[in-house]
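Welcome! Take a look at the picture first, then read on.

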Amino acid sequence: MRFFLIGYMGCGKSRWGKLIANHYNYKFIDLDTLIEEREGLTIPEIFAKCNEEGFREKERQALLAVKDYNNVIIATGGGAPCFYDNISKMNNLGETIYIKVSPELLCERLLNSKTERPLVKGLSKFELLQYIENHLELRKAYYEQAKYQIVSGELKLEDFIKLVDSIIKYQGQNN
Ligand code: S3P
């Protein structure tokens, strides 16, 4: 089985991904980390050197490379499903789960996060919330193409596991 976690920056893809991978004894891949390893540069350095367009190409290549892994949870970058036909690719390669979080909570988490994210760097709290609201509206159409959705906020690990269990069971019956 191959699971892709998708959703906006700060929705918890990496955090949930690690917990779920640990529970099922699956491998965990963070797509941004994979890109950084492949390029020998950090995400902000790639943005500075190649602009967003160059980053998206590298992101696409890294995404295609994960087809070599099985029994894996892949936390994708927030923009990954929204470029090229990446969301269709992910839906073809595995099970996609959209982690849905309100703009207010995303804003709080991004303000408190230590990860440097070029798209939102330097924005004030007010600007950030506006940015997220507008950006999420644009990205929603891609995120909602995921096969499954889970609403995060008060989400517990056992709820997430219930969803993944049901997907694994469903796949087992249909293969
Ligand atoms: C991005 C999200 C980031 C990273 C890059 C661009 C985006 O990943 O891929 O900074 O376009 O939403 P996270 O979602 O893990 O922050």
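Helix α3 (residues 43–65) gives the largest share of the shell around the ligand, 3 residues; helices here are DSSP runs of H or I with at least four residues, strands are E runs of at least two, and both are numbered from the N terminus. This is a predicted model, where local features need pLDDT of at least 70 and side-chain atom pairs count only at pLDDT 80 or more, while totals for chains, interfaces and linings use all residues. Residues are numbered from 1 along each chain as its sequence is written, and side-chain values use heavy atoms, leaving out hydrogens and water.

**Around the ligand**
- Of the 13 residues around the ligand, those that come nearest are Lys13, Arg56, Gly78, Arg117 and Arg139 (near means a heavy atom within 4 Å).
- The shell is made up of 5 nonpolar, 3 polar and 5 charged residues (Ala, Val, Leu, Ile, Met, Phe, Trp, Tyr, Cys and Pro count as nonpolar, Asp, Glu, Lys and Arg as charged, and the others, Gly among them, as polar).

**Arginines and ligand oxygens**
- Arg56 has a polar side-chain atom 2.6 Å from an oxygen atom of the ligand, and Arg117 has one at 2.6 Å from a ligand oxygen too.
- For Arg139, the distance from a polar side-chain atom to an oxygen atom of the ligand is 2.7 Å.

**A salt bridge**
- The structure holds 8 salt bridges (a side-chain nitrogen of Lys or Arg within 4 Å of a carboxyl oxygen of Asp or Glu).
- One of them joins the side chains of Arg60 and Asp85, at 2.7 Å from N to O.
- This pair links distant parts of the chain, 25 residues apart: Arg60 is in helix α3, and Asp85 is in the loop between β3 (72–75) and α4 (86–93).

Definitions and conventions. A polar contact is a pair of N or O atoms within 3.5 Å; within protein, one must be able to donate a hydrogen and the other to accept it, and residues adjacent in sequence count only if both atoms are side-chain atoms.
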